[in-house]
Amino acid sequence: MTFQFLSKKQGNKKLLLFFNGWGMNEAAIGHLVPPEGYDILVAYDYRDFTSFPHEVEQYESILLVAWSIGVWAVEQLRQRGLLPKVKYSLAIAGSPFIRHNRFGIPCKVFDLTLQSLNDSSREVFNRRMCGGKSNAALFKEFEKRETEELREELNTVREIELARQEERPLFHWNRIFIAQKDKIIPPQNLFTLSQSYGIPQDSFPDASHFLFQDFQYWQELLDRLS
């Protein structure tokens with residue numbers, strides 16, 4: 001797993017710990033203005049779960065936000081006892097059961113994505129994720145990660161999910177944001193997840209899977225938590 005500080009200011013006592021989506025890098029949220037008083041640490045590349053940065057121990061308060069497959073990654077860290085104590089947790093368009101017919105991406109669709117993955121299919125995925133071609137510059141940033149690396153990441157997810165025995169989330173989510181125009185994870189599956197495990201949800205009627213494209217400030221999202 002890769003960790004990178006996107007924003008860090010001396011004297012900040014609060015941390016926004018963000019778990020990114022599949023195939024992403026820091027560019028996914030680079031346009032969002034940080035909330036006042038927070039440093040931002042981004043995690044991505046979920047091919048292993050062996051360590052966690054000790055820097056997080058210096059913060060008095062941690063707000064955990066996970067998007068897409070990042071929600072699943074948080075669950076993996078929780079199972080391994082590597083996740084720090086957080087004050088509040090928000091899941092965005094994601095599921096701890098990422099390869100799941102009722103709660104995540106249907107298994108057949110997930111496996112087909114892995115089997116057919118190449119440079120061209122990545123472009124198709126990005127367009128579906130963002131709801132169109134309007135983010136071409138952002139797509140170029142995502143291309144910095146190699147396709148083979150993304151295949152390894154997705155295969156790791158599949159192998160872990162095939163071996164999963166626990167049918168309940170181990171990590172407690174305070175809230176989930178659901179994008180109703182999501183073409184990656186069926187919105188109805190996330191509604192089912194919310195209802196099944198008592199996770200309060202907030203619905204975004206016009207949002208695609210890449211919900212962040214509709215915002216300029218982190219605070220716009222965080223204001224919806226109150």
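How many helices and strands make up the secondary structure of the chain? The secondary structure comprises 7 helices and 7 strands; helices (H or I, at least four residues) and strands (E, at least two) are DSSP runs numbered from the N terminus. This is a predicted model, in which local features need pLDDT of at least 70 and side-chain atom pairs count only at pLDDT 80 or more, while totals for chains, interfaces and linings use all residues. Residues are numbered from 1 along each chain as its sequence is written, and side-chain values use heavy atoms, with hydrogens and water left out.

**Overall architecture**

- Read from the N terminus, the order of elements is β-β-β-β-α-β-α-α-α-α-β-α-β-α.
- The chain is as compact as a globular protein of its length, because its radius of gyration of 16 Å is close to the 17 Å that the globule rule gives for 226 residues. The radius is taken over C-alpha atoms, and the rule is 2.2 Å times the number of residues to the power 0.38.
- The C-alpha trace spans about 45 × 40 × 35 Å along its principal axes.
- Of the 226 residues, 55% count as buried. Buried means under 20% relative accessible area, exposed over 50%, and partly exposed in between, with a 1.4 Å probe and protein chains only.
- Among contacts with a separation of 6 or more, 79% involve residues 24 or more positions apart; contact means heavy atoms within 4.5 Å.

**Surface and charge**

- The accessible surface comes to about 10700 Å², and 46% of that area belongs to carbon and sulfur atoms. Areas come from the Shrake-Rupley method with a 1.4 Å probe; for residues, only the protein chains shown count as cover.
- There are 27 positive and 29 negative side chains, and the centres of the two sets lie 4 Å apart. Lys and Arg count as positive and Asp and Glu as negative, while His and the chain ends are not counted. Each charge is placed at NZ of Lys, CZ of Arg, CG of Asp or CD of Glu.

**Helix α1**

- Helix α1 (residues 69-79) is largely enclosed by the rest of the structure, because 9 of its 11 residues are buried.
- Among the buried residues of α1 are Ile-69, Val-71, Trp-72, Glu-75 and Gln-76.
- The packing partners of the buried α1 residues are β2 (14-19), β4 (61-67), β5 (88-92) and α5 (147-162).
- Gly-81, with a positive phi near 70°, follows α1.

**Helix α6**

- With 8 of its 11 residues buried, helix α6 (residues 187-197) is largely enclosed by the rest of the structure.
- The buried set in α6 includes Pro-187, Asn-189, Phe-191 and Tyr-197.
- These buried residues of α6 pack against β6 (175-179) and β7 (201-204).
- Gly-198 follows α6 and has a positive phi, near 65°.

**Aromatic pairs**

- The structure holds 16 aromatic pairs. Rings of Phe, Tyr and Trp (its six-membered ring) pair if their centres lie within 6.5 Å; planes under 30 degrees apart count as stacked, over 60 as edge-to-face and the rest as tilted.
- Phe-49 and Trp-72 form an edge-to-face pair, because their ring centres are 5.6 Å apart and their planes stand at 70°.
- Phe-49 lies in the loop between β3 (38-44) and β4 and Trp-72 in helix α1, so this pair ties together parts 23 residues apart in sequence. Both Phe-49 and Trp-72 are buried.
- Phe-103 and Tyr-197 also form an edge-to-face pair, at 5.4 Å centre to centre and 65° between the planes.
- That pair links distant parts of the chain, with Phe-103 in the loop between β5 and α2 (107-115) and Tyr-197 in helix α6, 94 residues apart. Phe-103 and Tyr-197 are both buried.
- A cluster joined by ring pairs contains Phe-18, Trp-67, Phe-210, Phe-212 and Trp-218.

- Most residues other than glycine have a negative phi.
- Asp-45, although not a glycine, has a positive phi of about 70°. Asp-45 lies in the loop between β3 and β4 and counts as buried at 8% relative accessibility.
- Ala-93, likewise not a glycine, has a positive phi of about 45°. Ala-93 is found in the loop between β5 and α2 and is buried, with a relative accessible area of 0%.

**Leu-6 in strand β1**

- Leu-6 is found in strand β1 (residues 2-7) and is partly exposed, with a relative accessible area of 31%.
- Beyond its neighbours within four places in sequence, Leu-6 is in contact with Glu-26, Ile-29, Gly-30, Ile-40 and Val-42.
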